[in-house]
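Work through the exercises below with the structure open. Each task is followed by a stepwise solution.

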Amino acid sequence: MSIKLSLEALETWLWESANILRGSIDSSDFKNYIFGLLFLKRFNDVFEERIAQLVKDESLTGKEAEEEVQDKWGHFPISARWHELIARTENIGEALDKAFATIEANNPELQHVLTATQYGDKRVLSDATLQRLLRHFNQYKLGNADLYKADMLGDAYEYLIKQFADDAGKKGGEFYTPKAVVQLVVELIDPQPGHSVYDPTCGSGGMLVESAHHVANLPDGTIMGKPNVLLFGQEKNLGTWAIAKLNLYLHNMRAEIERGDTLVEPKHLDGDYVKTFDRVIANPPFSAKSWWAPLELANEAEQDSDKKPKAPNYKQVSDPYGRFVYGIPPRGYADLAFAQHMLASLKADGRMGIILPHGVLFRSGEEGKIREGLLFGTDTASGNQPGDLIEAIVGLPSALFYNTGIPACVLILNKQKPAALKGKIIIIDASRECSKGKVQNSLRPEDINRIVGVHKSAFEHLTNVDNYCRVVTLEEIRSNDGNLNIARYIDNGETEEIVDVAATLSQLAILTEDEARIDARLNRYLVELGFGT
């Protein structure tokens, strides 16, 4: 009986492959090359495993079994198989590119995924480096029978995504949200079996994977061994989109993940409108600037090269899908553009969770108007829009994310709040609930459990917790001019030291006199040494 590869051994082995690439390419690009080879090795080993199983179970010849597997999987030529690739000593990158193109051509769901990274440029990766990399990947087989559990490759893939984000530092935040933060938001929006879940800025797909895991752990949460949930996403960056597609593929999960700019060109449509979902979840880029590309391009074309360029007027933004019903966010802050897109993508009884910078809670101007619309509704010439959409605000600790040290918050919006919560918002200050790190803080399981438990209690029973959670009325928020700054509503419980101004001034006077005496003594010494007059 062969020894199966454990998750720990698999993770260590895969991460060691990054050491082979160090010095050849930037660490932020490791993932693109390693993920492709991981997929190819897995694809090859499962292909061979299925052939061997048919030969054993159905007494087919090797050729007959191979033809039957290819009928289901599509053509997998000899030149694209692992034993051929590892035997090469020249033009390895070109051979890999051809292998990936062949697999894509015969698997429509992988179109443009594997060829998003090019291996054939020898200025980037030499034959010698690729040969070392292939030999490293040749140490283990990755068929289902070789793994401790068949779906653990997805777990190892998630581990690699995190490791690459750690290694890339600030650049890692472009495609990865820390898993604990993802778990928190998923728990708060609580997707159920049979639901559809959509992430409009899905990055590497972690929020969709975690949503599927959440559903799978509920009663009736699986169908034929797969999570009973429909997954949808969109991602702008080609490389990150490819990672997301592979992430879901290796988790044995199906998801419709489209590529493109979600704000300008949403891909999940229902006629002339955006498609709607039961749950919408996202961690969009914080305060993205110049976010409406058509207006930016038109403005650039109109600029006079002899004059200082003028910024475009974002009041001219015209959205054909009618998403920005509460207002057009300013050019320098796309946060509430993403929030309104998500709201438009939400079913009439849906709930959404979005991670945003704290500025959206209190910034004035157009953002203030949008915030007031979400709180109190609008009554304008263009039509009425409902308010009372914010279910909860959760203030998070600082330095949780790779690309910023600023604290963020989670906004939960709900189109069908229960009667008891209408006209009220749950506000939770979890800013001190974390494990402190040298560079980055992290949420612990107990932090997540406390936030989720307190939110549930407030949701069901309107329960308050001193210095941590309050159920606040819209009337109180209106009296604060729609400002949602958490500190206005929750006292953090820390007592400030009372300063005795008179005593402090007296102490400063004494210190000033001491300083004058020291200066006089120093001057006398300098004179004695011949440096003064």
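## Exercise 1: The largest cavity

The largest cavity has a volume of about 100 Å³. The model is a predicted one.

**Task.** Find which residues lie closest to the centre of the largest cavity, and state which elements each supply at least two residues of its lining.

**Solution.** 
1. Begin with the lining, which is made of 13 residues.
2. Pick out those closest to the centre: N32, V113, T117, A242 and L246.
3. Assign elements. α2 (30-58) and α10 (238-250) each supply at least two residues of the lining.
4. Sort the lining by class. Eight residues are nonpolar, four are polar and one is charged.

## Exercise 2: The second largest cavity

**Task.** How many cavities of 30 Å³ or more does a search of the whole structure find? Give the volume and the lining of the second largest cavity.

**Solution.** 
1. The search finds two cavities of 30 Å³ or more.
2. The second largest cavity has a volume of about 40 Å³.
3. L336, V360, L361, R371, L374, I390, L411 and L484 line the second largest cavity.
4. By class, this lining holds seven nonpolar residues, no polar ones and one charged residue.

## Exercise 3: α2 against α6

**Task.** At what angle do the axes of α2 and helix α6 (residues 127-137) cross? Classify the crossing.

**Solution.** 
1. The axes of α2 and α6 come within 11 Å and cross at roughly 45°.
2. That angle makes α2 oblique to α6.
3. The crossing of α2 past α6 is right-handed.
4. On the α2 side, I34, L37, L38 and K41 make the contact; on the α6 side, L133, L134 and F137 do.
5. The contact residues divide into six nonpolar, no polar and one charged.
6. Note L38. This residue of α2 meets α6, and L38 is also part of the contact with α10.

## Exercise 4: α2 against α3

**Task.** What is the handedness of the crossing of α2 and α3, and which residues meet there?

**Solution.** 
1. The axes of α2 and α3 lie 9 Å apart, and the packing angle is about 130°.
2. At that angle, α2 is oblique to α3.
3. The α2/α3 crossing is right-handed.
4. From α2 come F43, V46, F47, R50, I51, L54, V55 and E58.
5. From α3 come G62, A65, E66, E68, V69, Q70 and W73.
6. By class, the contact has nine nonpolar, two polar and four charged residues.

## Exercise 5: The second largest pocket

**Task.** Which element gives the most to the lining of the second largest pocket?

**Solution.** 
1. The second largest pocket holds about 880 Å³ of space.
2. It is lined by 30 residues, and L248, Y249, H251, N252 and M253 are the closest to its centre.
3. Elements giving two or more residues are α2, α3 (62-73), α9 (206-216), β3 (226-227), α10 and β5 (255-259).
4. α2 gives the most, with five residues.
5. The lining residues divide into 14 nonpolar, seven polar and nine charged.

Technical notes: Residues numbered from 1 in each chain as written. Predicted model: local features only at pLDDT ≥ 70, side-chain atom pairs only at ≥ 80, totals over all residues. Heavy atoms only, no water. 1 Å grid on protein atoms, 1.4 Å probe; cavity = no way out; pocket = protein on both sides within 12 Å on 5 of 7 lines; lining within 4 Å. Points joined across faces, edges and corners; volume = space filled by probe spheres on them. Helix = DSSP H or I, 4+ residues; strand = E, 2+ residues; numbered from the N terminus. Nonpolar A, V, L, I, M, F, W, Y, C, P; charged D, E, K, R; others polar. Contact = heavy atoms within 4.5 Å. Axes fitted to C-alpha atoms, helices over the stretch in contact; angles between N-to-C directions. Parallel < 35°, antiparallel > 145°, perpendicular 65-115°, else oblique. Left-handed = near helix turned anticlockwise from the far one by under 90°.
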